[in-house]
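These are my notebook entries on a structure that I am reading for the first time.

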Amino acid sequence: HSVAVLGAPFSKGQKRRGVEHGPKAIRDAGLIERLSNLDYPVHDFGDLSFQYLEKDEPYMHVPFPRTVGRANKLLSGAVRNAVGAGHTTIMLGGDHSLAIGSVEGHARQCPDLCLIWVDAHADINTPLTSPSGNLHGQSVAFMLKELQNKMPELPGFSWMKPFLSAKDLVYIGLRDVDPGEYDILKDLGVQYFTMRDIDRLGIQRVMEVTFDHLLSRKQRPIHLSFDIDAMDPSLAPATGTPVNGGLTYREGIWITEEIHNTGLLSVMDLVEVNPDLGASREAVASTASMAVDVIASSLGQTREGGPITQESPH
Ligand SMILES: N[C@@H](CCCCC(O)O)C(=O)O
Ligand SMILES: [Mn+2]
Ligand SMILES: [Mn+2]
């Protein structure tokens, strides 16, 4: 089948400027060329253009709710159309609030999807638990049916309703979880693997348990929402909320190669690349290059050159 690339230059889910230039930085790092070397057609849909509403007062301490809500309504339609046209769809962020529209649009086409959230953060605060108010730290809370009695009616989000069950979500890479998020993860029994769990089990076992949790009853489309800050900051420094002790290059690529090998990847987000936050041009380039490697290996690029056939002898 074919691959669609969709740029989402958007930043209002958080307060730092520059993440709206993420799609350009990832393209400039050679994304389209790298994907064209794999064996299917690549359609670059270009970048969405988002409206920044002038009157958009905060809701409680949540900034730009209407602008973020409208951006995600637009993105939802675009992702829904790309998936509906049969493309494996890559959404380039932009901040992680964009996952609200990306996953929602995907779920309209594929209601039985499961979500793998690779991130240093859980992004599951509600407006009431959020320490910052930033919507990029609340994305998952908008998706979960189990949280709806805890979510206020935010202006700008009346176009959607929750569509995901907690059992259909797995986190990988957590290492900076807020107290309110911890309570939600425990209350809902969400399956998650922190960086400590990865050190204890190893990334191969983490992926085995992840796929057993999500796919053993039935195979279904995977939505991979990959926050570049899941990677160690030495590999991806140009991002808004870096946290030490992240995924090694090899752990990150193991995750994406294994997801490719399921044959079930349907939509992938690659978010939070902020070229304004690199200390040098090299720091920006290495972050964008890491993003391209993560995307390319999710789509079948391998380290052994061809398709991964039989694993090396034990
Ligand atoms: N948990 C923090 C940091 C969120 C980081 C968001 C990133 O993962 O997209 C918050 O809610 O403000
Ligand atoms: Mn993050
Ligand atoms: Mn995130």
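Entry 1, the ligand. I looked up Ser 132 and found that one of its polar side-chain atoms lies 2.6 Å from an oxygen atom of ligand 1. I note here that the model is a predicted one. For Asp 227, I read a distance of 3.0 Å between a polar side-chain atom and an oxygen atom of ligand 1. Glu 272 also places a polar side-chain atom 3.2 Å from an oxygen atom of ligand 1. I then asked which residues come nearest to ligand 1. Of the 15 residues around the ligand, these are Asp 123, Asn 125, Ser 132, Asp 178 and Asp 227.

Entry 2, helices H3 and H4. I recalled that a pair of packed helices is described by the angle between the axes and the distance between them. For H3 (residues 65-84) and H4 (residues 99-109), I recorded an angle of about 40° and axes 7 Å apart. The two helices are therefore oblique to each other, and their crossing is right-handed. I listed the residues that make this contact: on H3 they include Asn 72, Leu 75, Val 79 and Arg 80, and on H4 they include Ile 100, Glu 104, His 106 and Arg 108.

I next looked up H9 (residues 249-262) and H10 (residues 281-298), whose axes come within 7 Å and cross at roughly 30°. Angles under 35 degrees count as roughly parallel, so I describe H9 as roughly parallel to H10. H9 contributes Tyr 249, Ile 253, Thr 256, Glu 257 and His 260 to the contact, and H10 contributes Met 290, Asp 293, Val 294, Ser 297 and Ser 298. I classed the residues of this contact as 4 nonpolar, 4 polar and 2 charged.

Met 60 lies in the loop between strand E2 (42-47) and H3.

Technical notes
Residues are numbered from 1 along each chain as its sequence is written. Chains are lettered from A and ligands numbered from 1 in the order in which they are written. This is a predicted model: local features need pLDDT of at least 70, side-chain atom pairs count only at pLDDT 80 or more; totals for chains, interfaces and linings use all residues. Side-chain values use heavy atoms; hydrogens and water are left out. Axes are lines fitted to C-alpha atoms, for helices over the stretch in contact, and angles run from 0 to 180 degrees between N-to-C directions. Helices (H or I, at least four residues) and strands (E, at least two) are DSSP runs, numbered from the N terminus. Angles under 35 degrees count as roughly parallel, over 145 as roughly antiparallel, 65 to 115 as roughly perpendicular and the rest as oblique. A crossing is left-handed if the near helix is turned anticlockwise from the far one by less than a right angle, and right-handed if clockwise. Contact means heavy atoms within 4.5 Å. A residue is near a molecule or strand if one of its heavy atoms lies within 4 Å of it. A polar contact is a pair of N or O atoms within 3.5 Å; within protein, one must be able to donate a hydrogen and the other to accept it, and residues adjacent in sequence count only if both atoms are side-chain atoms. Ala, Val, Leu, Ile, Met, Phe, Trp, Tyr, Cys and Pro count as nonpolar, Asp, Glu, Lys and Arg as charged, and the others, Gly among them, as polar.
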